[in-house]
Amino acid sequence: MAADDLHHMRAALALAARGLGTTAPNPSVGCVLVKDGVVVGRGWTQPGGRPHGETEALRRAGGAARGSTAYVSLEPCNHHGKTPPCSEALIAAGVARVVIACEDPDPRVAGGGVKRLREAGIEVITGVCADEAWELNRGFFSRILHGRPLVTLKLATTLDGRIATHGGESKWITGPEARALGHGLRARHDAIMVGIRTALADDPDLTCRLPGLEGRSPVRIVFDSRLRLPLTGRLVRTAKTVPTWIVARDDCDGLRRQTLIDCGVEVVPVPCDAAGLPDPAQAMAALAGRGLTRVLVEGGATLAASLLRAGLVDRLEWFRASKVIGGDGVAAVAAFGVDALAQAAAFDRVRVRRAGDDLIESYVKRE
């Protein structure tokens with residue numbers, strides 16, 4: 001692997017990361033155009049999934065794109081949708097060489113982009129920074145390959161895994177630095193989800209409130225089987241400004257549902273599981289069907305337990321404060337029927353970092 005290829009592909013991946021949380025249902029793709037050692041164009045997928053990263057880079061490069069090398073974080077698309085194929089755009093621009101991080105498993109692409117470029121006489125290199133590219137768009141790949149979004153469970157707890165005192169006090173367990181990083185997580189996801197008990201107890205905004213990123217607030221989702229979310233709460237009052245969805249039983253009250261819809265809330269009906277609650281796997285499939293690729297779950301304990309029991313949690317972001325509450329505090333995860341250690345949800349820790357006095361541990365699901 002040439003050093004220049006590695007350098008420019010990492011730049012393309014950094015550009016792609018800018019779009020996370022804004023491009024669903026499309027992947028976030030970065031593209032760098034290099035000619036005679038000079039970068040002549042850069043681009044990344046724009047909000048809503050278009051224009052694509054390649055199109056943006058070509059637009060900015062103009063005529064300088066002819067004879068250049070394009071570094072693309074994902075195989076260029078080769079099908080006609082709301083925009084023409086990126087493979088054809090690269091060919092028309094006269095690009096001489098294309099370096100691709102990883103192929104796109106979407107059946108509409110799946111090697112077709114590479115094939116079309118090679119048929120046009122363009123040199124194509126694949127597999128440069130493939131692991132990094134796959135990880136960056138794992139939410140998109142999960143939706144394509146498994147029919148559900150990537151699920152990240154974010155927990156903010158004491159050292160002994162408590163999210164509140166026995167009286168329910170929870171603000172603030174972690175410090176301001178950790179809370180700011182939590183808002184950064186929101187900006188990089190398509191949706192943020194909480195259970196109805198959390199919504200009733202906290203009356204949250206569930207928005208990204210980092211300066212300059214207020215417009216990156218994701219879709220807000222409440223797991224609310226019987227539509228108990230108050231019409232006077234912040235989520236419903238602002239539903240016409242920030243997209244707000246409720247995952248509910250498919251036999252929920254029709255009048256209540258219509259009232260929420262009139263307030264701007266989208267109700268997502270889901271069949272029940274054995275406990276009479278919306279089936280979590282069916283819920284995630286329904287969300288994927290609505291275009292979501294990355295869902296951040298912020299609580300509470302019952303929702304966390306339901307998703308862990310179903311094997312639907314792909315990532316953990318554990319914000320741990322240097323405090324101890326004790327056994328009468330509220331646990332971060334409710335009981336979910338683990339009788340033996342072999343049944344425990346298992347994760348591998350991939351990163352630890354400090355945020356003020358707090359620690360943030362990142363985990364991925366053990367395969």
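How exposed is Trp 134, in terms of relative accessible area? In this predicted model, Trp 134 is partly exposed, at 28% relative accessible area. That value falls between the 20% limit for buried residues and the 50% limit for exposed ones. Phe 141, by contrast, counts as buried, with a relative accessibility of 1%.

These two residues form an aromatic pair. Their ring centres lie 3.9 Å apart, and the ring planes meet at 25°. Planes under 30 degrees apart count as stacked, so the pair of Trp 134 and Phe 141 is stacked. The structure holds 2 aromatic pairs. Ring pairs also bring in Phe 140, giving a cluster of Trp 134, Phe 140 and Phe 141.

Helix α11 spans residues 280-289. At its start, a side-chain oxygen of Asp 279 comes to within 3.1 Å of the backbone nitrogen of Ala 281. The buried residues of α11 are Pro 280, Ala 283, Met 284, Ala 286, Leu 287 and Ala 288. An α-helix has 3.6 residues a turn, so residues three or four places apart point the same way. Buried positions of α11 with such spacing include Pro 280, Ala 283 and Leu 287. After the helix comes Gly 291, with a positive phi near 100°.

Terms used
Residues are numbered from 1 along each chain as its sequence is written. This is a predicted model: local features need pLDDT of at least 70, side-chain atom pairs count only at pLDDT 80 or more; totals for chains, interfaces and linings use all residues. Side-chain values use heavy atoms; hydrogens and water are left out. Buried means under 20% relative accessible area, exposed over 50%, partly exposed in between (1.4 Å probe, protein chains only). Helices (H or I, at least four residues) and strands (E, at least two) are DSSP runs, numbered from the N terminus. A polar contact is a pair of N or O atoms within 3.5 Å; within protein, one must be able to donate a hydrogen and the other to accept it, and residues adjacent in sequence count only if both atoms are side-chain atoms. Rings of Phe, Tyr and Trp (its six-membered ring) pair if their centres lie within 6.5 Å; planes under 30 degrees apart count as stacked, over 60 as edge-to-face and the rest as tilted.
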